[in-house]
Amino acid sequence: MRAARLIKMVLLLQSRPSMTAAELARELEVSERTVTRDAQALSEAGVPVYADRGRIGGYRLVGGYRTRLTGLARSEAEALFLSGVPGALREMGLEDAASAARLKVSAALLPSLRDASRTAAQRFHLDAPNWFREPRTPELLPAVADAVWDDRRITARYRRGAGEHRREVARELEPYGLVLKAGVWYLCARVAGHGAFRVYRIDRFTAVDAGEERFEREEEFDLPAFWEERAEQFARSLLRDRVVVRLSPEGARRLPHAVDPLSAREALAGAGDPDGDGWVTLTLPVESEEVAHTQLTALGPEVEVLEPGTLRERFAAQAARSAELYRPRRTAPTPGASPGPRTDA
C-alpha cells in the first residue's frame, strides 16, 4: 500500500514543477504529515525530493530526475482502454485521434500486454443512450467540442422556451466542458463577462461561431462536481408539490424505482415508525399531482394515497373502474341449448 503511494508521489512530482504538501495530500488521500514522512522516505531511498520552505513553497524533484517506474500492469493497461467512450468520441469528431492514441499506447506496451484493448472490450461496454429513444447526434457538437478543447470563446444562438413562447437568443460563452447524460449532450459554460456558469443542451443550439479568442480557464473548476450539483438542483426544482402516502413494506422497497430516486430517498428517511401492519406513512415530494398519479399507479395495492384529497379521489375512481372491469362476467348461454325454465311474475 505504502509502496504504491510512494511511486504515485514520485510520478506526481515528475509531472509538475512543484506541489505543496496540501496538494499532494489531496491527490494521495492522506494527511500532510504523511506526505512529509513519505518525502523523507523517498529522500533516504535516493530519490532527490527537495522541500522549498515558505508560503509558496512545496516539494519538487531536483535535477530533472525521471523515474523508470512507468511500466503498466495488466489491470492498469486494461483500465486505460476502458477510459474512452467510443460512441461519444465519434460524435465529437475525435474517433480518429482516439484510435491513433490507442495504437501508440499498444505499441509502447510490453508484448504480454498488447492484447489489453481486446480483453477490455470483450468484458465492458458503455451504451449511453436511454432505452426507447433514438439517439441523435447534434450537428453542432463537433464545433463545440473543438472550442472546449482549445479554450476558445464561442458565440452561440440557441432556442429558449417552447411553443408560442419559443425564441432565439445569442450569448457569448466560455465553453468549459461537455456532459453526455442519457444520450443527451450538454455544455457547461460561463457567460462571458458575467462569471456565471450555466448548462445548455447542445441540440438547442442553432448556430455556433468559434473565433480565435481564447479565455483564461479557472483551474479550480471541477466538471464532475459542477454537474453533480446542478443535476441535483434541477431534480429538486421539479419537485414542487407534496403528497402523503402509506406504503406497505413491498411498496417502500419499490418506491425508488417508481418515483424520482432523490425524492424517494428523502421521503423514506423522514418516514415515521411502521404501524401494526408494517406500513409507513411519509410525505413525498413530486413534480405534480398528475405525475404522482402516473408514478404511484405502478405500486398498485402497495400504496394508499392520504393527501391531497383530489389525488385520493382519483385513485379511488381508478380502483372502482378496475374493479368493474375485472368483475366476474356472466357466462353466455351455449348456442342451441334449451333455455331454463321461465318464471312469470
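Visitor: What should I know before we start?

Guide: This is a predicted model, in which local features need pLDDT of at least 70 and side-chain atom pairs count only at pLDDT 80 or more, while totals for chains, interfaces and linings use all residues. Residues are numbered from 1 along each chain as its sequence is written, and side-chain values use heavy atoms, with hydrogens and water left out.

Visitor: Why is His293 called buried?

Guide: Buried means under 20% relative accessible area, exposed over 50% and partly exposed in between, with a 1.4 Å probe and protein chains only. His293 has a relative accessible area of 13%, so it counts as buried. Its place is in helix 12, where helices (H or I, at least four residues) and strands (E, at least two) are DSSP runs numbered from the N terminus.

Visitor: What does His293 touch?

Guide: Contact means heavy atoms within 4.5 Å, and, not counting residues up to four places away in sequence, His293 touches Leu311, Arg314, Phe315 and Gln318.

Visitor: How do you know that the buried residues of helix 12 are on the same side?

Guide: In helix 12, residues 289–297, the buried residues are Ala292, His293 and Leu296. They cover an arc of only 100° around the axis, which puts them on the same side of helix 12; the arc is that of the directions from the helix axis to the C-beta atoms. These buried residues pack against strand 8, helix 10 (249–258), strand 9, strand 10 (303–307) and helix 13 (309–325).

Visitor: What makes strand 9 largely enclosed?

Guide: Of the 7 residues of strand 9 (residues 280–286), 5 are buried, so the strand is largely enclosed by the rest of the structure.

Visitor: Why are strand 8 and strand 9 said to pair?

Guide: Two strands pair if DSSP finds at least two bridges between them. Strand 8 (residues 241–247) and strand 9 have 7 bridges, in the antiparallel sense, and Val244 stands opposite Thr283 in strand 9.

Visitor: What makes Glu29 stand out, and is Glu29 buried or exposed?

Guide: Glu29 has a positive phi of about 60° although it is not a glycine, and its place is in the loop between helix 2 (21–28) and helix 3 (32–44). With a relative accessible area of 73%, Glu29 is exposed. Asp151 also has a positive phi, of about 55°, although it is not a glycine, and Asp151 is found in the loop between helix 8 (141–150) and strand 3.

Visitor: Why is a space called a pocket rather than a cavity?

Guide: On a 1 Å grid over the protein atoms alone, a cavity is a set of points where a 1.4 Å probe fits but cannot get out, whereas a pocket is an open set with protein on both sides within 12 Å along at least five of seven lines. The largest pocket has a volume of about 910 Å³, a volume being the space filled by probe spheres set on the points, which are joined across faces, edges and corners.

Technical notes
1 Å grid on protein atoms, 1.4 Å probe; cavity = no way out; pocket = protein on both sides within 12 Å on 5 of 7 lines; lining within 4 Å.
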